Amino acid sequence: MKQLFIALTLLALSGSAVAQSDPITTAKRASQMLEAAADSLSEAESASDRVGALTETVRAYEEGLSALREGLRRASIQERSIALVFEAKRDRLARLLGILQTIGTSPAPLLMMHPTGAIGTARSGMILSEVTPALQSEALVLRGQLEEIRDIRSLQQSAAIQLTKSLAEVQTARADLSRAIADRVELPRSFTSDSDKMRALIESSDTLQGFASGLTDLNPSDLNNPADFEAAKGNLRLPAAGTLLHGFNETDASGINRPGLVLATRAQSLVTTPWPATLRYSGPLLDYGNVVILEPSKGYLLILAGLGQTFGEVGEVLDQGAPVGLMGGLTPNPDAFLMTATKGGGGNQQESLYIELRQGDEPVDPATWFATNKE
């Protein structure tokens, strides 16, 4: 998985460098990440841990596509900025060039004469000697900007080709991941689920809080002391790539406030466990859509709601970073991807992942546990 390591290294470097690098460099870095992800997809077929390899491959594709979107967005902004500069300078430059052309067509003897005499002629010569280099300098700047626009348009054309390939490949990687999870050898279990009791609990619960409390009673935890989990507070990776939409107890557009975070994600985004955990529940629940409930440590439950597809069986013990599902929605086609990117928008973050963390019977603010993105 050497190529995948390179891709993730590029990502780590790009995190601090994106703000300083030009759009074309950002997009080229993203292109390298996507090429490395494509290589890792081929290697995953023979990996001893196909689920782990495919999980990293899907994540690398998602991060590469996100970086490419950012590069295209910034390139489009830069192209518009250059066009505005051209528009602002066009009339002034046209007048100056017209004057120089008029001077160039005048007979040579007339150029040596000035109505005010020799002093006026000398002054005119000095002015021309200053204007000409300035125009040449400005012409060089404009030529550089024209070349930059040419490079940006070339980038957009090559990005369209790569997008078609990469969007298809990431879908293949997601499908392969689903099959690999279905085919894998059974994971270690903390307990075996009693389907009848689980069904009864679902039918008797009318709130998420009631269901979560019932889970604790249904299968008492045998996990170790939660000190290790608590030591990771503030440094947990978000379960999916996205942008924070609503914070803890914030009221949303429909006037509802929930004791958790709402994360805006892209369609089909991979959802993973941020800490080693026991899978306590996986499936549809109340009006939350597909829900995954994880127990990262004794006394804590992490609720992830709004997924399109869930992985795993209740009772399984999952490693940190293990896939637990995919968000819903349809992956945009390359044209839609390019359109949203070049218009400067955030780009198809139309899915919502609800994240709630409970300590005992009380919800706590997940933002204090996760490194969140509030852009």
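Is Q268 buried or exposed? In this predicted model, Q268 is buried, because its relative accessible area of 16% falls under the 20% limit. Q268 sits in the loop between strand 2 (261–265) and strand 3 (270–272). Its backbone is also of note. The phi of Q268 is near 70°, a positive value in a residue other than glycine. Most residues other than glycine have a negative phi.

L286 also has a positive phi, of about 50°, and is not a glycine. The loop that holds L286 runs between strand 4 (277–284) and strand 5 (290–297). L286 has a relative accessibility of 40%, so it counts as partly exposed.

The overall architecture is as follows. The protein chain has 9 helices and 10 strands. Of its 375 residues, 42% count as buried. Contacts between residues at least 6 apart in sequence were also examined. Of these contacts, 73% join residues at least 24 apart.

The C-alpha atoms of A160 and L338 are separated by 7.2 Å, although the two residues are 178 residues apart along the chain. Leaving aside neighbours within four places in sequence, A160 is in contact with P334 and L338. The relative accessibility of A160 is 25%, so A160 counts as partly exposed.

Salt bridges were considered next. Side chains of opposite charge can pair when their charged atoms come close. The count for the model comes to 12 salt bridges. Three of them are described here, each with its place in the chain.

The side chains of E62 and R174 form a salt bridge, with an N to O distance of 3.2 Å. E62 lies in helix 3 and R174 in helix 5, so this pair ties together parts that are 112 residues apart in sequence.

The next residue in helix 3, E63, pairs with R237. The closest N and O atoms of this salt bridge are 2.7 Å apart. E63 belongs to helix 3, whereas R237 belongs to the loop between helix 8 (227–231) and strand 1 (242–246). The pair thus links distant parts of the chain, 174 residues apart. E63 is buried, with a relative accessible area of 15%. R237 is partly exposed, at 46% relative accessibility.

A further salt bridge joins E313 and R189, with the closest N and O atoms 2.6 Å apart. Here the partners both lie in loops. E313 is in the loop between strand 6 (300–310) and strand 7, and R189 is in the loop between helix 5 and helix 6 (195–204), so the pair ties together parts that are 124 residues apart in sequence. E313 is partly exposed, with a relative accessible area of 47%. R189 is partly exposed too, at 27% relative accessibility.

Attention then turned to the second largest pocket. About 350 Å³ of space lies within the second largest pocket. Its lining comprises 16 residues, and those closest to its centre are D49, V51, G52, L187 and D319. Two elements give two or more residues to this lining, helix 3 (50–105) and strand 7 (317–318). Helix 3 gives the most, with 5 residues. By residue class, the lining divides into 6 nonpolar, 5 polar and 5 charged residues.

Helix 3 holds E62, which pairs with R174 of helix 5. Helix 3 also holds E63, the partner of R237.

Technical notes: Residues numbered from 1 in each chain as written. Predicted model: local features only at pLDDT ≥ 70, side-chain atom pairs only at ≥ 80, totals over all residues. Heavy atoms only, no water. 1 Å grid on protein atoms, 1.4 Å probe; cavity = no way out; pocket = protein on both sides within 12 Å on 5 of 7 lines; lining within 4 Å. Points joined across faces, edges and corners; volume = space filled by probe spheres on them. Helix = DSSP H or I, 4+ residues; strand = E, 2+ residues; numbered from the N terminus. Nonpolar A, V, L, I, M, F, W, Y, C, P; charged D, E, K, R; others polar. Buried < 20%, exposed > 50% of the residue type's maximum accessible area, 1.4 Å probe, protein only. Contact = heavy atoms within 4.5 Å. Salt bridge = Lys/Arg side-chain N within 4 Å of Asp/Glu carboxyl O.
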